[in-house]
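Open the model in your viewer and keep the selection tool at hand. This tour goes stop by stop.

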Amino acid sequence: MTEHKDRRHALLSASGAYRWTACPPSAFLEAQFPDNVSDAAEEGTLAHELAEAKVKNYFLLDGLDKRKLRAVVTKLKKSPLWDDEMDGYTDEYLDYVRSAALAFENQPYVAIEKQVEFGTWVPDGFGTADCILIGGGTIHVIDFKYGKSPAGRVEAENNPQMILYALGAYDAYKMLYPMKRIKMTIVQPRLPDGVSEWDTTIDALLAQGEWIRERAALAVKGEGGFHPDDKACRFCRAKASCRARAEKNVALAFSDGMGNLPPLISNEEMGRYLKLGTDVAKWLSDLQEKALLECLAGREVPGWKAVEGRGSREWTDMDQAFAVLTGSGIEEAMLWEKRPLTLAQVEKAIGKKAFAECVGGYVVKRPGKPALVEETDKRPAVTNVVTAAEAFQ
Ligand code: SF4
């Protein structure tokens, strides 16, 4: 297995395809900034290695039998980023892959962690598809994502990253297998309702490929214009210093004058401002983060400086301090408190499966606090308005 962290990266990567198709010159602009790997990304890499080993073991690929799987798991568990819940989440991914393979009429061809080349559409383009299943005229590309933030939820439909993996897989196998349909799935087991699927024809996929080819041609020339949008800018390495993003957000946040408009804004305007301003708050926070780094590096940011934040106190030797306290007559019971773990902590400690089997019957799901989301969100809308049926009950 090639270590996931050691894989090479392309200028026009599949994982950044949403960004550079939306904002083509971002490819060169962000290349000037270091590609710092976050803890979340390293945790995702670890989860991918575990998922890869489990799926290969299920299909008995690369001789990965039970013994070898145990050795991989033992090695991964030594990582400081290991968390037992990773086991349950990768099992959920394996369950999806297993049921997808069983949905084929006959045993499909299976490729795991397959490097696919999509240079026909994107210069020097390549990427790694987590799982490819082929059979009965259908190719199914499955991607595992380990993010846990609902804001980072990714949909499979029209997703440029999935389209590029699918094009690469189609290109690699079209001579061997006749294909008519393409199915793409993103499995995000840490999110509720974390499976997103999209099914389309090969012709439609190739048409999407043509559009991506045009965007890539602009990106490699640094053309096409900057197009800030909160999804594109979110993971762009230039996000804190990009002028196009700054100008857009300054215009949105500080546009002047009310003209002859009424003193109160309407709900239509409220909806429009919320949409337009989505990136303003994120941009200001990116700017603060970058300015702090500049000040700490000794560079001047006029009007701003770095100071020490509020500190906190901690014991140098808690056992010794408690011994002194109890020795001076303080009751031990005053120094300790016994608290139950939360439901989520118990589930994490004993694992999802054991939790459901042992105490699932004692769990009731209460509705969460209402939250404002965009209308494209999959969850049904709720209101406090009493319906006629409820009123007559
Ligand atoms: S920050 Fe946004 S607008 Fe600027 S280059 Fe990156 S993606 Fe484009």
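Each stop below names what to select and then what is there.

**Before you start**

This is a predicted model, in which local features need pLDDT of at least 70, side-chain atom pairs count only at pLDDT 80 or more, and totals for chains, interfaces and linings use all residues. Residues are numbered from 1 along each chain as its sequence is written, and side-chain values use heavy atoms, with hydrogens and water left out.

**Stop 1: the whole chain**

Show everything as a cartoon. Along the principal axes, the C-alpha atoms fill a box of roughly 85 × 70 × 65 Å.

The chain has 393 residues, and 33% of them are buried. Buried means under 20% relative accessible area, exposed means over 50%, and partly exposed is in between (1.4 Å probe, protein chains only). Now think about contacts, meaning heavy atoms within 4.5 Å. Of the contacts in the chain with a separation of 6 or more, 69% join residues 24 or more positions apart.

**Stop 2: the domains**

Colour three selections. Domain 1 is 4-221, domain 2 is 239-254 + 275-300, and domain 3 is 321-362. These bounds come from an automatic or database domain assignment. The C-alpha centres of domain 1 and domain 2 are 31 Å apart.

**Stop 3: two helices side by side**

Select residues 39-59 for helix H3 and residues 66-77 for helix H4. Their axes come within 10 Å and cross at roughly 175°. The axes are lines fitted to C-alpha atoms, for helices over the stretch in contact, and angles run from 0 to 180 degrees between N-to-C directions. H3 and H4 are therefore roughly antiparallel to each other. The cut-offs are under 35 degrees for roughly parallel, over 145 for roughly antiparallel and 65 to 115 for roughly perpendicular, with the rest oblique.

Now show side chains. H3 brings Leu 46, Glu 49, Leu 50, Ala 53, Lys 54 and Asn 57 to the contact, and H4 brings Lys 66, Leu 69, Val 72, Val 73 and Leu 76. By class, the contact of H3 with H4 has seven nonpolar, one polar and three charged residues. Here Ala, Val, Leu, Ile, Met, Phe, Trp, Tyr, Cys and Pro count as nonpolar, Asp, Glu, Lys and Arg as charged, and the others, Gly among them, as polar.

**Stop 4: aromatic rings**

How many aromatic pairs does a search of the whole structure find? There are nine. Rings of Phe, Tyr and Trp (its six-membered ring) pair if their centres lie within 6.5 Å; planes under 30 degrees apart are stacked, over 60 edge-to-face, and the rest tilted.

Select Tyr 58 and Phe 59. Their pair is edge-to-face, 4.8 Å centre to centre, with 75° between the planes. Tyr 58 is partly exposed at 32% relative accessibility, whereas Phe 59 is buried at 16%.

Move to Tyr 109 and Tyr 177. Their ring centres are 5.5 Å apart and their planes are at 35°, so the pair is tilted. This pair links distant parts of the chain, 68 residues apart: Tyr 109 is in strand E1 (residues 109-117), and Tyr 177 is in the loop between helix H6 (160-173) and strand E4 (181-187). Tyr 109 is partly exposed at 30%, and Tyr 177 is partly exposed at 27%.

Finish with Tyr 89, Tyr 93, Phe 144 and Tyr 146, which form one aromatic cluster.

**Stop 5: two loops with positive phi**

Select Asp 124, in the loop between E1 and strand E2 (126-135). Its phi is near 60°, a positive value in a residue other than glycine. Asp 124 is exposed, at 69% relative accessible area.

Then pick Asp 193, in the loop between E4 and strand E5 (195-201). Asp 193 is not a glycine, yet its phi is positive, about 55°. Asp 193 is exposed at 56%.

**Stop 6: two last residues**

Ala 219 lies in helix H7. Is Ala 219 buried or exposed? Ala 219 is buried, with a relative accessible area of 0%. Not counting residues up to four places away in sequence, Ala 219 touches Leu 12, Pro 24, Ala 27 and Phe 28.

End at Pro 228, in the loop between helix H7 (202-221) and helix H8 (230-234).

Definitions and conventions:
Helix = DSSP H or I, 4+ residues; strand = E, 2+ residues; numbered from the N terminus.
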